[in-house]
Amino acid sequence: MFWSAKHRGSGRRTSVAALVRDNERVTQRPTLSEIRAVTQPPEIVNRANSEHWLGIPYFRRVSPYLTRWFIVWGMSPNSVTFVMMAVGASAAAALLVPGVIGGLLAALLAQLQMIVDCCDGEVARWQQRYSPVGFFLDKVAHYLAEGTD
């Protein structure tokens, strides 16, 4: 069920958690179903304080596609949070574009910002990297992105 890869040189298979603990870089691309199994357990998807009312029907269905690329690129959860902040600031900047185009671009970027917001937690769960700094950075990112949108 969980993604596994051959341990370097030993021929044995091991879980992603063991690879992360051994500080080995995972080079194979996990499947979407493997990402969903690890990063979207029922206690996360069905929690009452979900990040947005569109979280389950929309964001959580789309986010594994981006999460997979963040994992393959070797990005840390905190770096994904910085990407989320940049996308949120870009959404605010798009409002400076005159006319309907600016509004549509801002709306599209705001949706992308909320999807990337799902991804930072998914990357953290995949890599099993949790920290008070990451939690704090995520909260600051929310305030910045929502304050500029």
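**A residue and its surroundings**

Author: Val-116 counts as buried, at 2% relative accessibility; buried means under 20% relative accessible area, exposed over 50%, and partly exposed in between, with a 1.4 Å probe and protein chains only. This is a predicted model, in which local features need pLDDT of at least 70 and side-chain atom pairs count only at pLDDT 80 or more, while totals for chains, interfaces and linings use all residues. Residues are numbered from 1 along each chain as its sequence is written, and side-chain values use heavy atoms, with hydrogens and water left out.

Reader: Which helix does Val-116 lie in, and what does Val-116 touch?

Author: Val-116 lies in helix α6. Helices (H or I, at least four residues) and strands (E, at least two) are DSSP runs, numbered from the N terminus. Not counting residues up to four places away in sequence, Val-116 touches Leu-66, Phe-70, Val-80, Val-83 and Met-84, where contact means heavy atoms within 4.5 Å. The C-alpha atoms of Val-116 and Met-85 are separated by 9.2 Å, although the two residues are 31 apart along the chain.

Reader: And Val-123, is that buried or exposed?

Author: Val-123 is buried, because its relative accessible area is 0%. Val-123 is also found in helix α6. Leaving aside neighbours within four places in sequence, Val-123 is in contact with Thr-67, Phe-70, Ile-71, Met-75, Ser-76, Pro-77 and Val-80. For Val-123 and Met-75, which are 48 residues apart along the chain, the C-alpha separation is 8.2 Å.

Reader: Which residues touch the most other members of the largest nonpolar core?

Author: They are Phe-70, Ile-71, Val-80, Met-84, Val-116, Val-123 and Trp-126, in a core of 15 residues. A nonpolar core is a set of buried Ala, Val, Leu, Ile, Met, Phe, Trp, Tyr and Cys residues joined through side-chain atoms within 4.5 Å.

Reader: Which elements give two or more residues to this core?

Author: Those elements are α2 (32-39), α4 (55-72), α5 (77-94), α6 (100-127) and α7 (132-148). The most comes from α6, which gives four residues. Another core, of six residues, lies apart from this one and includes Ala-91, Ala-94, Ala-106 and Leu-109.

Reader: Let us turn to α6. How far apart are its end C-alpha atoms?

Author: They are 40 Å apart, which agrees with the 40 Å that the 28 residues of α6 should span at 1.5 Å a residue. The expected span of a helix is 1.5 Å times one less than its number of residues.

Reader: How does α5 pack against α6?

Author: Their axes are 8 Å apart and meet at an angle of about 170°. That makes α5 roughly antiparallel to α6. Axes are lines fitted to C-alpha atoms, for helices over the stretch in contact, and angles run from 0 to 180 degrees between N-to-C directions. Angles under 35 degrees count as roughly parallel, over 145 as roughly antiparallel, 65 to 115 as roughly perpendicular and the rest as oblique. The residues of the α5 contact with α6 divide into 16 nonpolar, six polar and two charged. Here Ala, Val, Leu, Ile, Met, Phe, Trp, Tyr, Cys and Pro count as nonpolar, Asp, Glu, Lys and Arg as charged, and the others, Gly among them, as polar.

Reader: Which residues of α5 are buried?

Author: The buried residues of α5 are Pro-77, Val-80, Thr-81, Met-84, Met-85, Val-87, Gly-88, Ala-91, Ala-92 and Ala-94.

Reader: At what angle do α2 and α6 pack?

Author: The angle is about 90°, with the axes 9 Å apart. α2 is therefore roughly perpendicular to α6. Glu-34, Ile-35, Val-38 and Thr-39 of α2 make the contact with Glu-122, Arg-125 and Trp-126 of α6. These contact residues are three nonpolar, one polar and three charged.

Reader: Finally, how many helices and strands does the chain have?

Author: The chain has seven helices and two strands, in the pattern β-β-α-α-α-α-α-α-α along the sequence. Of its 149 residues, 44% are buried.
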